[in-house]
Amino acid sequence: SVVTGDRELARGYAFYALTSWMAIPTGAAVVLASPVCWALGDWEERHVLNWMVTRWGRATTAPFFVPDIQGIENLHGIEEQDGRGKVYVSNHQSFMDIYSLWWLDAPLRFVARSEIKRIVIAGWLLETCGHIALDRKDKADVKANMQSCRSKLLCGGSVVFFAEGTRGTRDGELADFKLGAFRLAADDNFLIVPVTVCGTGAINPKGDEFRLKQGPAPR
């Protein structure tokens, strides 16, 4: 007899199982490193903790895909300019966008919807490492977190906004842009670094998040 199954669904479950299991030792390492981070005066930026979570993200995607980073030469020297962070603005196609952007060699902090905190271990891990969970329905929360973004930028940490505020349409079309990232950059004259993510929507489409299809590497 021949055993058949849904290979794309199996790949998706394998990915989520791997990223979940690897979050456990990463979380333990973050807990142990946090007092050291605080003692060394790195608690505001949390560079060491973010380095750990970035390696976790890369390690869990590597068995499935490695993004083809194009135009990386345009980032050389940008992070060192004027000692301030930069506002990275990206499109948003898929849950895999964050994992893909972790392959950029930049100290990025993602600005994501507050729902990310509901993801067991991973949500806590991201927030502890300095990433920002934003409740767009709560004006006070939005104001406080935008101030947190501003503080990180002034200290040299860069932040990533998804311009559409959520994933775009299922057919890959861009949704309307939100103004938050652009207002933040304009108010304090922070440099905006535009980033385009391609291909993540094809391998992990919106509305079908548990499938991880095979295809060309995201870029």
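Which handedness does the crossing of helix 5 and helix 6 have? The crossing of these two helices is right-handed. Keep in mind as you read that this is a predicted model. The briefing starts with the sheet, moves on to the helix pairs and ends with one serine.

- The model has an open sheet of 5 strands, arranged in the order 3-2-4-1-5 with parallel pairing.
- Strand 3 (132-134) and strand 5 (192-195) are the edge strands; each has a single partner, so one side of each has no neighbour in the sheet.
- On average, neighbouring strands of this sheet are turned by 25° against each other, with direction ignored.

**Strand 1 and its partners**

- Strand 1 covers residues 87-90 and pairs with strand 5 in the parallel sense over 4 bridges.
- Along that pairing, Val89 sits opposite Pro194 of strand 5, and Ser90 sits opposite Val195 of strand 5.
- Strand 1 also pairs with strand 4, again in the parallel sense and over 4 bridges; here Val87 faces Val159 of strand 4.
- In a regular strand, side chains alternate between the two faces of the sheet.
- Strand 1 is covered on both faces: Val87 and Val89 are buried on one side, and Tyr88 and Ser90 are buried on the other.

- Helix 6 (residues 180-188) lies across strand 1, strand 4 (158-162) and strand 5, and runs at about 155° to strand 1.
- Two packed helices are described by the angle and the distance between their axes.
- For helix 5 (residues 139-154) and helix 6, the axes come within 11 Å and cross at roughly 50°.
- That angle makes helix 5 oblique to helix 6.
- Helix 5 brings Met146, Cys149, Arg150 and Leu153 to the contact, while helix 6 brings Gly180, Leu184, Asp187 and Asp188.
- Sorted by class, the residues of this contact are 4 nonpolar, 1 polar and 3 charged.

**Helix 1 against helix 2**

- The axes of helix 1 (residues 7-39) and helix 2 (residues 47-61) come within 9 Å and cross at roughly 165°.
- Angles over 145 degrees count as roughly antiparallel, and helix 1 and helix 2 are therefore roughly antiparallel to each other.
- The crossing of helix 1 and helix 2 is right-handed.
- From helix 1, the contact takes in Phe15, Leu18, Thr19, Met22, Ala23, Thr26, Ala29, Val30, Ala33, Ser34 and Cys37; these meet Leu49, Met52, Trp56, Ala59, Thr60 and Thr61 of helix 2.
- The contact of helix 1 with helix 2 has 12 nonpolar and 5 polar residues, and no charged ones.

**A closer look at Ser100**

- Ser100 belongs to helix 3 (residues 96-101).
- Is Ser100 buried or exposed? Its relative accessibility is 6%, so Ser100 counts as buried; the cut-off for buried is under 20%.
- Leaving aside residues up to four places away in sequence, Ser100 touches Phe65, Pro67, Thr200 and Pro218.
- Ser100 and Val197 are 97 residues apart in sequence, and their C-alpha atoms are 8.1 Å apart in space.

How values were computed: Residues are numbered from 1 along each chain as its sequence is written. This is a predicted model: local features need pLDDT of at least 70, side-chain atom pairs count only at pLDDT 80 or more; totals for chains, interfaces and linings use all residues. Side-chain values use heavy atoms; hydrogens and water are left out. Two strands pair if DSSP finds at least two bridges between them. Axes are lines fitted to C-alpha atoms, for helices over the stretch in contact, and angles run from 0 to 180 degrees between N-to-C directions. Contact means heavy atoms within 4.5 Å. Angles under 35 degrees count as roughly parallel, over 145 as roughly antiparallel, 65 to 115 as roughly perpendicular and the rest as oblique. A crossing is left-handed if the near helix is turned anticlockwise from the far one by less than a right angle, and right-handed if clockwise. Ala, Val, Leu, Ile, Met, Phe, Trp, Tyr, Cys and Pro count as nonpolar, Asp, Glu, Lys and Arg as charged, and the others, Gly among them, as polar. Buried means under 20% relative accessible area, exposed over 50%, partly exposed in between (1.4 Å probe, protein chains only).
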